[in-house]
Each structure stands twice: as C-alpha cells, then as structure tokens.
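Here is a short briefing for a reader who is new to this structure. Look over the sequence and the model first, then read on.

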Amino acid sequence: MPTTEIPRETWVDELNEFTTLHEGWLVSIDVLGQEIGAQVEINNLPLLGVSADRIDHDGTIAVSVARSTTEHFTHLIRAVTRIYVKRIDDGAQAALRIDSLDGTTTILRFRAPVLPHTVRGVVRR
C-alpha cells in the first residue's frame, strides 16, 4: 500500500479536498500509543469532515462524524507532526495516518476504500 506524506503547508487544502471526496463514507478511527495500546475511537460512522486548525496553526486536526441525523461527534488530534495518505494499488485512498508529538498515531480508515468516481451518486451528500 503506497503511502505519501502531506506537507504541513498544504494540510488545510488537502484535508478540505479529502472531505469533499469522502463526505458520508463510513470511517473508523484507531488511536495507537505506547501507554494506551490500540484503542478504537470510532467504528464505521459516516464522515462529516477532516480539518486542520486555520487560525492558530497549532497542529490540531478535527475529524467529525455523524452518530445519527441529529448527533455528531468530533475527535480532536492535538500537536500533529505529520499526516500521511495510504492508498491501495489502484490509487484509491484507504486511510489517513496522523502522527502526534506525544508519540500517538491516529489511523482514519475507510470501511471500503474505492476511487471516488466509482461511487458517485451512491454516497449521500
């Protein structure tokens, strides 16, 4: 699975594009760390968006999902140092890997990674 790093100066634009392409897709979030082990934070919920802090540029990334049509949840990742996109062999984005200064890694993965144009009109926006 090829992995590429997103340069910090393009986080806002790249994550906005990521959100545009994948809004409504089912995602899971796992947090990995030496002190906490592997923790499931979100399991197969519709993605509302992924965004980088635009004001303070403090390295905070927010991942928002829908728990229901009226209830939302936002997972904050602080002091982010690096963001990577993992792709499957056909080029479809499969996951985001987000590394933090404290040594934790957050993995946002899709239930089914596919190229966005192959599901156009299937995912509700």
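This is a predicted model: local features need pLDDT of at least 70, side-chain atom pairs count only at pLDDT 80 or more; totals for chains, interfaces and linings use all residues.

Arginine 97 is partly exposed, with a relative accessible area of 30%.

**Charged pairs**

- Side chains of opposite charge can pair when their charged atoms come close.
- How many salt bridges does the count come to? The count comes to four.
- One of them joins the side chains of glutamate 5 and arginine 82, at 3.1 Å from N to O.
- That pair links distant parts of the chain, 77 residues apart. Glutamate 5 belongs to strand β1 (residues 3–6), and arginine 82 belongs to strand β6 (residues 80–87).
- Glutamate 5 is partly exposed, with a relative accessible area of 41%. Arginine 82 is also partly exposed, at 41% relative accessibility.
- Another salt bridge brings together the side chains of glutamate 71 and arginine 67, at 3.8 Å from N to O.
- Glutamate 71 has a relative accessible area of 40% and is partly exposed. Arginine 67 is partly exposed too, at 47%.

**Overall layout**

- The protein has one helix and eight strands.
- Read from the N terminus, the order of elements is β-α-β-β-β-β-β-β-β.
- Of the 125 residues in the protein, 38% are buried.

**The nonpolar core**

- In soluble globular proteins, nonpolar side chains tend to be buried together.
- Here the largest nonpolar core has 23 residues. Val50, Ile61, Ile83, Leu96 and Leu108 have the most contacts inside it.
- Which elements give two or more residues to this core? They are helix α1 (11–22) and strands β2 (26–33), β3 (37–52), β4 (61–66), β6, β7 (93–100) and β8 (105–110).
- Strand β3 gives the most to the core, with four residues.
- Not counting residues up to four places away in sequence, valine 50 touches Leu15, Asn16, Phe18, Thr19, Ile61, Ala62, Val63, Leu96 and Leu108.

**Leucine 48 in strand β3**

- Leucine 48 lies in strand β3. Is this residue buried or partly exposed? Leucine 48 is partly exposed, because its relative accessible area is 32%, and buried means under 20%.
- Beyond its neighbours within four places in sequence, leucine 48 is in contact with Thr19, Glu23, Ser64, Val65, Ala66 and His72.
- The C-alpha atoms of leucine 48 and phenylalanine 73 are separated by 9.3 Å, and the two residues are 25 residues apart along the chain.

**Threonine 74 and serine 64**

- Threonine 74 lies in strand β5 (residues 72–77). This threonine is partly exposed, with a relative accessible area of 40%.
- Leaving aside residues up to four places away in sequence, threonine 74 touches Ala62, Val63 and Ser64.
- The side chains of threonine 74 and serine 64 are joined by a polar contact of 2.9 Å.
- Their C-alpha atoms are separated by 4.2 Å, while the residues sit ten residues apart along the chain.

**Glutamine 93 and histidine 22**

- Glutamine 93 lies in strand β7. At 13% relative accessibility, glutamine 93 is buried.
- Which side chain does glutamine 93 join through a polar contact of 2.6 Å? The partner is histidine 22.

**Confidence**

- The mean pLDDT of the protein is 87, and 86% of its residues reach 70 or more.
- Among the elements, β4 has the highest mean pLDDT (96) and β3 the lowest (93).
- Over residues 121–125, pLDDT stays under 50. For these residues the model has nine contacts beyond four places in sequence.

Technical notes
Residues are numbered from 1 along each chain as its sequence is written. Side-chain values use heavy atoms; hydrogens and water are left out. Buried means under 20% relative accessible area, exposed over 50%, partly exposed in between (1.4 Å probe, protein chains only). A nonpolar core is a set of buried Ala, Val, Leu, Ile, Met, Phe, Trp, Tyr and Cys residues joined through side-chain atoms within 4.5 Å. Contact means heavy atoms within 4.5 Å. A polar contact is a pair of N or O atoms within 3.5 Å; within protein, one must be able to donate a hydrogen and the other to accept it, and residues adjacent in sequence count only if both atoms are side-chain atoms. pLDDT is the predictor's confidence in each residue, from 0 to 100.
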